[in-house]
Amino acid sequence: MTTSIDPSRSRYSFDNDDPESVGRHSHLSAMLDGFTFSRLGTVGDLTGRRCLEVGAGGGSVARWLADRTGPNGRVLATDLNVRHIPVGDGYTVLQHDLVTEPVPEGAWDLIHARLVLLHIPQRAEILARLAAALAPGGALVLEEWATEFGNLCLSAPDRETAELIDHYQDVLVNHVLPARGNDPTWAARVHDTMLAEGLVDVDTAIHADSWPGGTPGALLIAVNVAQLREEFIAAGFTAERIERLDAAVQDPRLVVRGHFTYSTIGRRA
């Protein structure tokens with residue numbers, strides 16, 4: 001089933017109504033699902049549990065959770081824009097704004113959000129509300145990218161291509177995303193913020209892979225620029241450089257590093 005509500009919506013860096021968002025969700029799933037599933041697997045047996053998937057995107061994590069909670073469990077998948085979340089896969093879908101609306105009623109045995117709070121200026125307040133919505137012993141799992149680290153290019157066919165990737169990273173992290181409320185340092189602060197909210201057994205794992213041109217981690221670069229093209233051009237990234245970048249991320253001689261993914265798990269005592 002799908003429940004739809006219509007309050008005033010918060011601005012988000014990457015709009016699900018953009019045609020490029022389909023590729024974005026598929027690339028992120030290919031890049032991150034394996035690590036996400038391994039981390040969620042450390043939480044414990046989810047059979048019959050109540051799970052909240054925040055910012056569900058394309059729904060891949062919600063499907064994984066539904067498979068593990070079984071028919072006696074509950075999985076609620078939420079997003080600001082739910083158009084890419086398939087229905088009928090064993091979970092419920094809710095259009096929901098983390099900023100303007102309370103956390104959906106629980107209490108929850110597991111709450112998971114991936115690449116969500118780093119885009120929202122009210123991130124610390126929202127983390128506190130998510131932590132408060134946990135059942136006793138419940139786990140909050142937040143996965144965020146630490147994007148402040150440069151040197152994404154591990155190998156390139158020439159120096160110009162390597163410099164182009166560096167320029168892309170600088171414009172995205174230091175100009176485009178901060179104007180939309182993104183904090184590239186948030187990932188490294190989640191652990192301490194969970195402790196400050198009284199969560200216990202907090203632990204963080206950090207992961208990154210390499211991605212040759214033509215694979216999801218490289219192609220995501222072009223999708224990011226396509227979705228934020230006007231902002232990139234306003235920040236000095238010319239249309240000619242965008243065209244060169246689109247070609248570069250298809251070249252298997254290019255190898256880029258994915259952003260460091262900080263996966264932090266904390267439990268309510």
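Residues are numbered from 1 along each chain as its sequence is written, and side-chain values use heavy atoms, with hydrogens and water left out. Because the model is predicted, local features need pLDDT of at least 70 and side-chain atom pairs count only at pLDDT 80 or more, whereas totals for chains, interfaces and linings use all residues.

Strand β11 (residues 260-267) is largely enclosed by the rest of the structure, because six of its eight residues are buried; buried denotes under 20% relative accessible area, exposed over 50% and partly exposed in between, with a 1.4 Å probe and protein chains only. Strands are DSSP runs of E of at least two residues, helices are runs of H or I of at least four, and both are numbered from the N terminus. Two strands are taken to pair if DSSP finds at least two bridges between them. Strand β6 (residues 134-146) pairs with β11 in the antiparallel sense over eight bridges, and Ala-139 has Arg-267 of β11 as its bridge partner. Strand β8 (residues 200-207) also pairs with β11 in the antiparallel sense, over six bridges, with Ala-205 opposite Ser-263.

An open sheet is formed by three strands in the order β7-β10-β9, with antiparallel pairing. Its edge strands, β7 (153-155) and β9 (210-212), each pair on one side only. Neighbouring strands of this sheet are turned by 30° against each other on average, direction ignored. Strands β9 and β10 (residues 255-257) are joined by three bridges, and Pro-212 has Val-255 of β10 as its bridge partner. Helix α6 (residues 216-227) packs on the sheet, touching β9 and β10, and its direction makes about 75° with that of β9. Axes are lines fitted to C-alpha atoms, for helices over the stretch in contact, and angles run from 0 to 180 degrees between N-to-C directions.

The largest nonpolar core has 55 residues, and Phe-232 is among those with the most contacts inside it. Such a core is a set of buried Ala, Val, Leu, Ile, Met, Phe, Trp, Tyr and Cys residues joined through side-chain atoms within 4.5 Å. Not counting residues up to four places away in sequence, Phe-232 touches residues including Tyr-168, Leu-172 and Phe-237, contact meaning heavy atoms within 4.5 Å.

Asp-97, in the loop between β4 (92-95) and β5 (108-114), is buried, with a relative accessible area of 1%. The side chains of Asp-97 and Thr-100 are joined by a polar contact of 3.4 Å. A polar contact is a pair of N or O atoms within 3.5 Å; within protein, one must be able to donate a hydrogen and the other to accept it, and residues adjacent in sequence count only if both atoms are side-chain atoms.
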